[in-house]
Amino acid sequence: KTYDPFLLLNMEAGVDLILSSIEEDEKICIYGDYDADGITSTAVLMEVLSNLTSNLAYYIPSRFEEGYGLNCGALDKIKAAGIDLVITVDCGSVSCAEVEHAKEIGLKILVTDHHTITDKVADCLVINPMQPGCPYPFKHLAGVGVAFKLAQAIAAETGLPKSAVNRTLDLVGVGTIGDIVPLVDENRTLAKYGIRSLNLTQRPGLSKLIEGTSLQRGKIKSENISYVIVPHL
């Protein structure tokens, strides 16, 4: 079971923003998070967008020095590196002050996230199934699930082959299982195909991790992801 990515509120506008940025040869930075969901989300967008532009960077904040989510110091560094557009994954929905700071220093920003919103939503384009007014039928995607839906929408708009998106399913499986979201509905589909894809993965990093932790390719199950792969990430 999967749903049309364009059912997510702001998806069309978000894709337009990314594609116009690529057309203008602007530099794009994917801003992730240091947990398994954030790392895999970052990798999914880096990989899919690399089919369309080489002007890509990513930023993952330090767990110890910066903590979770968007921070102004990081945005200053990103701006100094010549970035034009920041796309967050797995964070940013309620980072109101940080989003204002990004705009003040001349960064464009698109937030993709999945966290529950109890506060005011940041004043920028936000793609998050949990936000008020979002008609998406399934609310419990992990951050990597939202990143994957964005990748699907980008592929649909640009004519990228489905395989360019589906080859990230190994990452989607790891992030979805790692983030302990309910494995029902669309998450169940993403986890199922994600595990299948992980067992066949050619991705160098994951392949080395599988070897180094003595997992057996072809026999990796969800508990191996939860208790072995995710903690290592």
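Just after helix α7, Ile-180 takes a positive phi of about 55°. Helices (H or I, at least four residues) and strands (E, at least two) are DSSP runs numbered from the N terminus. The model is predicted, so local features are reported only at pLDDT of at least 70 and side-chain atom pairs only at pLDDT 80 or more, whereas totals for chains, interfaces and linings use all residues. Residues are numbered from 1 along each chain as its sequence is written, and side-chain values use heavy atoms, with hydrogens and water left out.

Helix α7 is mostly covered, with ten of its ten residues buried; here buried means under 20% relative accessible area, exposed means over 50%, and partly exposed lies in between (1.4 Å probe, protein chains only). Among these buried residues are Leu-169, Leu-171, Val-172, Val-174 and Ile-177, together with the glycines Gly-173, Gly-175 and Gly-178. The buried residues of α7 pack against α2 (36-49), α5, α6, α8, α9 and α10, where contact means heavy atoms within 4.5 Å.

Thr-168 belongs to the loop between α6 (162-166) and α7 (169-178). Thr-168 counts as buried because its relative accessibility is 0%. Leaving aside residues up to four places away in sequence, Thr-168 touches Val-44, Glu-47, Val-48, Phe-148 and Arg-203.

Helix α5 (residues 143-158) has 16 residues and reaches 23 Å from its first C-alpha to its last, close to the 22 Å expected at 1.5 Å a residue. The expected span is 1.5 Å times one less than the number of residues. Twelve of the 16 residues of α5 are buried, and the helix is mostly covered. The buried residues include Val-144, Val-146, Phe-148, Leu-150 and Ile-154. Gly-159 follows α5 and has a positive phi, near 75°.

The largest pocket holds about 260 Å³ of space. Elements that give two or more residues to its lining are α5, α6 and α8 (185-198). The pocket has 16 lining residues, and Phe-148, Gln-152, Lys-162, Val-165 and Asn-166 lie nearest its centre. On a 1 Å grid over the protein atoms alone, a pocket is an open set of points where a 1.4 Å probe fits, with protein on both sides within 12 Å along at least five of seven lines, and lining residues have an atom within 4 Å of a point. Grid points are joined across faces, edges and corners, and the volume is the space filled by probe spheres set on the points. Helix α5 gives the most to this lining, with four residues.

Asn-166 is found in helix α6 and is partly exposed, with a relative accessible area of 34%. Asn-166 and Thr-88 are 78 residues apart in sequence and 21 Å apart in space, C-alpha to C-alpha.

## The parallel strands

Strand β4 (residues 108-112) is largely enclosed by the rest of the structure, because four of its five residues are buried. Strand β3 (residues 85-88) runs parallel to β4 and is joined to it by four bridges; two strands pair if DSSP finds at least two bridges between them. β4 also pairs in the parallel sense with strand β5 (residues 125-127), over three bridges. Leu-110 of β4 is the bridge partner of Ile-87, and Leu-110 also stands opposite Leu-125 in β5.

β3, helix α4 (residues 96-104) and β4 make a right-handed β-α-β unit. Right-handed means that, with the strands pointing away from the viewer, the path from the first strand over the helix to the second runs clockwise.

Most residues other than glycine have a negative phi.

## Leu-209 in helix α9

Leu-209 has its place in helix α9 (residues 204-212). Its relative accessible area is 18%, and Leu-209 is therefore buried. Not counting residues up to four places away in sequence, Leu-209 touches Ile-229, His-232 and Leu-233. Leu-209 and Phe-138 are 71 residues apart in sequence and 32 Å apart in space, C-alpha to C-alpha.
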